[in-house]
Amino acid sequence: MLNKITTADARKKLANIINRVAYSDESFVLTRRGEPIAAIVSMKELNMLQDIEDRMDVEDAWKAKNEPGEPIAWEELKKELEL
């Protein structure tokens, strides 16, 4: 279940919110001036989101690997990306 709460109310009810997220699998969207700015989700949901992101990264890597053209050396790519 997704709940919206202002940041001011969240400060007042933080302990309760944490318990609801941790033990009832609820999620909260924090708002400021009516605009969503952040979310509080359970570790289960966070781990799911990270798994999805990892899978997307692997898919993107395979697509890039299979693109035509010459491979770029890692050192050259780091220079180009200023890493």
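## Surface of helix α3

With a relative accessibility of 51%, Leu-49 counts as exposed, since the threshold for that class is over 50%. The model is predicted. Leu-49 belongs to helix α3, which spans residues 43-65. Together with Ile-52 and Met-56, Leu-49 forms a nonpolar patch on the surface, and the accessible area of these residues together is about 300 Å².

## Strand pairing

Strand β1 (residues 2-6) pairs with β2 in the parallel sense, over 5 bridges. Within this pairing, Thr-31 of β2 is the bridge partner of Thr-6.

On β2 there is also an antiparallel pairing, over 5 bridges, with strand β3 (residues 35-40). Here Phe-28 stands opposite Ile-40 of β3. The two strands β2 and β3 form a hairpin with 2 residues between them, and Arg-33 in the turn has a positive phi of about 55°. Strand β2 is mostly covered, with 5 of its 6 residues buried.

## Nonpolar core

The largest nonpolar core comprises 6 residues: Ile-5, Ala-10, Ile-17, Val-21, Phe-28 and Leu-30. At least two residues of this core come from each of α2 (14-24) and β2 (27-32).

Ile-17 is in contact with Ile-5, Ala-10, Phe-28 and Ile-40, when neighbours within four places in sequence are left aside.

## Helix α4 and the residue after it

Just after α4, Glu-82 adopts a positive phi of about 55°.

Methods: Residues numbered from 1 in each chain as written. Predicted model: local features only at pLDDT ≥ 70, side-chain atom pairs only at ≥ 80, totals over all residues. Heavy atoms only, no water. Helix = DSSP H or I, 4+ residues; strand = E, 2+ residues; numbered from the N terminus. Core = buried A, V, L, I, M, F, W, Y, C linked by side-chain atoms within 4.5 Å. Buried < 20%, exposed > 50% of the residue type's maximum accessible area, 1.4 Å probe, protein only. Contact = heavy atoms within 4.5 Å. Patch = residues over 30% accessible without salt bridge, like charges linked within 9 Å, V, L, I, M, F, W, Y side chains within 5 Å. Areas by Shrake-Rupley, 256 points an atom, 1.4 Å probe, with all protein chains shown as cover. Salt bridge = Lys/Arg side-chain N within 4 Å of Asp/Glu carboxyl O. Pairing = 2+ DSSP bridges.
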